[in-house]
Amino acid sequence: LLLPAAVLGIPEDVINIVGPLQLFAQFWYHTRHINRMGFLEKILVTPSHHRVHHAVNPEYMDKNLSQIFIVWDKLFGTFQEELNEVPPVYGITRPARTWNPIKINFQHLWLMIKDAWRTNNWMDKFTLWFKPTGYRPADVAEKYPVYKIEDVYHFEKYDTKTSPLFNAWAWVQLTMILLFISYLFGSIAYINSLDSSYIYWYGAFVFLSVYALTELMDRNRYALVWEVLRSGLALYFLYDQKDWFGISQWMDLKYVLAGYFVLSVVVTGWFVVKHRKEDFIFSLTDK
């Protein structure tokens with residue numbers, strides 16, 4: 001978001017300083033543990049203000065858009081104080097039916113693309129991108145209805161059937177992803193010195209890791225395909241580098257990692273088959 005500043009000629013050092021400060025200034029107010037902050041409520045974006053921003057209550061929609069200073073919302077008419085009688089409910093009015101963060105991030109853009117393609121109103125094809133939150137062309141909304149939360153205090157939240165064994169495996173995978181990302185962040189300069197393309201390949205590996213795990217959490221049969229792609233790519237790295245992106249400078253883990261990736265494919269395949277059997281039995285009993 002600071003790219004326009006760079007294009008306009010703001011010095012690199014200024015952006016390098018402002019970027020982290022702005023990030024921190026937007027981080028601290030994501031909490032429910034701080035109530036009101038006295039006179040600061042009139043100046044800064046506080047936790048109370050930002051709870052309103054994230055809420056799907058009709059009273060709070062499209063309010064408190066400021067990042068650091070709340071005065072901007074007050075100037076442009078988008079300010080809304082948190083009301084004691086209206087507890088904020090966080091989320092989106094068209095809730096995601098998936099654990100997959102990639103799908104979640106792009107589902108609304110994809111819906112807008114489909115709406116622009118499907119509508120017969122040529123004006124809507126070009127203007128729906130600038131309409132208020134939740135807008136859909138009338139003809140498309142009638143022909144292709146999308147579930148939307150009406151009562152924010154009573155709606156079915158997304159949940160998938162699970163088991164203690166699956167929960168344990170999900171935690172193992174989540175921990176491994178965290179370790180892989182931590183190694184990337186801790187050694188990014190060294191990895192880049194080995195080969196400048198390694199950073200992009202490592203990013204692809206992390207993307208596939210998150211995608212494969214969350215597809216499995218969604219009980220999607222294609223989770224095995226994603227896991228094979230992910231582990232296959234990782235095994236190729238181990239074979240091609242005889243290492244894992246330079247980790248041998250500290251310890252030799254290539255055989256341990258190779259065993260983990262093979263095990264990951266086997267366990268994922270076992271869960272996919274198990275989930276398909278369970279879903280089939282459930283469909284029969286439900287009828």
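Colleague: Are Phe237 and Phe245 buried or exposed?
Modeller: This is a predicted model. Buried means under 20% relative accessible area. Both Phe237 and Phe245 fall in that class: buried.

Colleague: Which geometry does the aromatic pair of Phe237 and Phe245 have?
Modeller: The ring centres of Phe237 and Phe245 are 5.0 Å apart. Their planes make an angle of 75°. Planes over 60 degrees apart count as edge-to-face. So the pair of Phe237 and Phe245, at 75°, is edge-to-face.

Colleague: How many aromatic pairs are there in the whole structure?
Modeller: Rings pair if their centres lie within 6.5 Å. A search of the whole structure on that basis gives 24 aromatic pairs.

Colleague: What is the angle between the ring planes of Tyr202 and Phe205?
Modeller: The centres of these two rings are 6.0 Å apart. The pair is edge-to-face because the planes of Tyr202 and Phe205 stand at 90°.

Colleague: Which helix holds Tyr202 and Phe205?
Modeller: Tyr202 and Phe205 are both buried. They are three residues apart in one helix, so about one helical turn separates them. That helix spans residues 198-217 and is α10.

Colleague: Over which ring does the charged end of Lys242 sit?
Modeller: A charge must be within 6 Å of the ring centre to count. The charged end of Lys242 is 4.7 Å from the centre of its ring. That ring belongs to Tyr239.

Colleague: How far is Lys125 from the ring centre of Trp122?
Modeller: Lys125 lies over the face of Trp122. Its distance from the ring centre is 5.2 Å.

Colleague: What is the volume of the largest pocket?
Modeller: The largest pocket is lined by 25 residues. Met61, Asp62, Gly91, Ile92 and Thr133 lie nearest its centre. The lining divides into eleven nonpolar, seven polar and seven charged residues. The pocket's volume is about 640 Å³.

Colleague: Which helix supplies the largest share of the lining of the largest pocket?
Modeller: Both α3 (47-54) and α5 (101-118) supply at least two lining residues each. The largest share is four residues. These come from α5.

Colleague: Why does Glu82 count as buried?
Modeller: Glu82 lies in the loop between α4 (71-76) and α5. The cut-off for buried is under 20%. Glu82 counts as buried because its relative accessibility is 11%.

Colleague: Which residue does the side chain of Glu82 join through a polar contact?
Modeller: The contact runs between two side chains. Its length is 2.6 Å, and the partner of Glu82 is Ser48.

Terms used
Residues numbered from 1 in each chain as written. Predicted model: local features only at pLDDT ≥ 70, side-chain atom pairs only at ≥ 80, totals over all residues. Heavy atoms only, no water. Phe/Tyr/Trp six-rings, centres within 6.5 Å; stacked < 30°, edge-to-face > 60°. Buried < 20%, exposed > 50% of the residue type's maximum accessible area, 1.4 Å probe, protein only. Lys NZ or Arg CZ within 6 Å of the ring centre and 35° of its normal. 1 Å grid on protein atoms, 1.4 Å probe; cavity = no way out; pocket = protein on both sides within 12 Å on 5 of 7 lines; lining within 4 Å. Points joined across faces, edges and corners; volume = space filled by probe spheres on them. Nonpolar A, V, L, I, M, F, W, Y, C, P; charged D, E, K, R; others polar. Polar contact = N/O pair within 3.5 Å; in protein donor to acceptor, adjacent residues only side chain to side chain.
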